[in-house]
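This briefing concerns the structure shown below.

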Amino acid sequence: MKYLSYAYRFISNFAFLALVYFSLNFVGAYQQRAIVAALVLAYAGMRAISALRSFVFFKAIEKLELEARRLGGLAGEGPSAVSSRKAVVKDVVEQRQAGEMKSYIDLLFLGIIVVLCIAKIVT
């Protein structure tokens, strides 16, 4: 399921990139193309800020993971509670890593879109 979510994220970002590319290439007048490129740049900027802010959230989750591991050994509970806690921490680690990978995919495509838009404004 994790790889399917990566594929979905890649395909949806690629579709957005294709939409931007074709829309910028089919607009004939420079002024209209510059307006479309500026609007896409604004949208890409907002999405990039959102993706970058998610890394702050992932960093906080990572600190919580470390603290949960540290406190898990000190609790002195039975072996079933310890194994349950380890399973929960493992699931959180996997979800955090998947979220980070999706954010990296988003930032890659947003960077390509920004370069494309700037190139269309300049030329």
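Outside the four positions on either side of it in sequence, Val20 touches Val40, Ile113, Leu116 and Cys117. The model in which these contacts occur is predicted. Val20 is also listed, together with Leu24, Val40, Ile113 and Cys117, among the residues with the most contacts inside the largest nonpolar core.

**Nonpolar core**

- The largest nonpolar core comprises 16 residues.
- Three helices, H1 (2-26), H2 (30-74) and H3 (79-122), each contribute at least two residues to this core.
- The greatest contribution comes from H3, which provides seven residues.

**A buried glutamate**

- Glu65 is located in helix H2.
- The relative accessibility of Glu65 is 5%, and this residue therefore counts as buried, the cut-off for that class being under 20%.
- When neighbours within four places in sequence are set aside, the contacts of Glu65 are Val92, Val93 and Arg96.

**Nonpolar surface patch**

- A nonpolar patch on the surface is formed by Phe10, Ile11 and Phe14.
- Together, the three residues of the patch have about 320 Å² of accessible area.
- Phe14, one of the patch residues, belongs to helix H1.
- Phe14 counts as partly exposed because its relative accessibility is 47%, a value that falls between the limits of 20% for buried and 50% for exposed.

**Secondary structure and overall form**

- The chain contains three helices and zero strands, and its pattern along the sequence is α-α-α.
- The radius of gyration is 21 Å, whereas the globule rule gives 14 Å for 123 residues; the chain is therefore more spread out than a compact globule.
- The C-alpha trace spans about 70 × 25 × 15 Å along its principal axes.

**Burial, contacts and surface of the chain**

- Buried residues account for 28% of the 123 residues in the chain.
- Considering contacts between residues at least 6 apart in sequence, 85% join residues at least 24 apart.
- The chain has an accessible surface of about 8400 Å².
- Carbon and sulfur atoms make up 70% of that accessible surface.

Conventions
Residues are numbered from 1 along each chain as its sequence is written. This is a predicted model: local features need pLDDT of at least 70, side-chain atom pairs count only at pLDDT 80 or more; totals for chains, interfaces and linings use all residues. Side-chain values use heavy atoms; hydrogens and water are left out. A nonpolar core is a set of buried Ala, Val, Leu, Ile, Met, Phe, Trp, Tyr and Cys residues joined through side-chain atoms within 4.5 Å. Buried means under 20% relative accessible area, exposed over 50%, partly exposed in between (1.4 Å probe, protein chains only). Helices (H or I, at least four residues) and strands (E, at least two) are DSSP runs, numbered from the N terminus. Contact means heavy atoms within 4.5 Å. Patches are made of residues with over 30% relative accessible area and no salt bridge: like charges are joined within 9 Å, nonpolar side chains (Val, Leu, Ile, Met, Phe, Trp, Tyr) within 5 Å. Accessible areas come from the Shrake-Rupley method with a 1.4 Å probe; for residues, only the protein chains shown count as cover. A salt bridge is a side-chain nitrogen of Lys or Arg within 4 Å of a carboxyl oxygen of Asp or Glu. The radius of gyration is taken over C-alpha atoms; the globule rule is 2.2 Å times the number of residues to the power 0.38.
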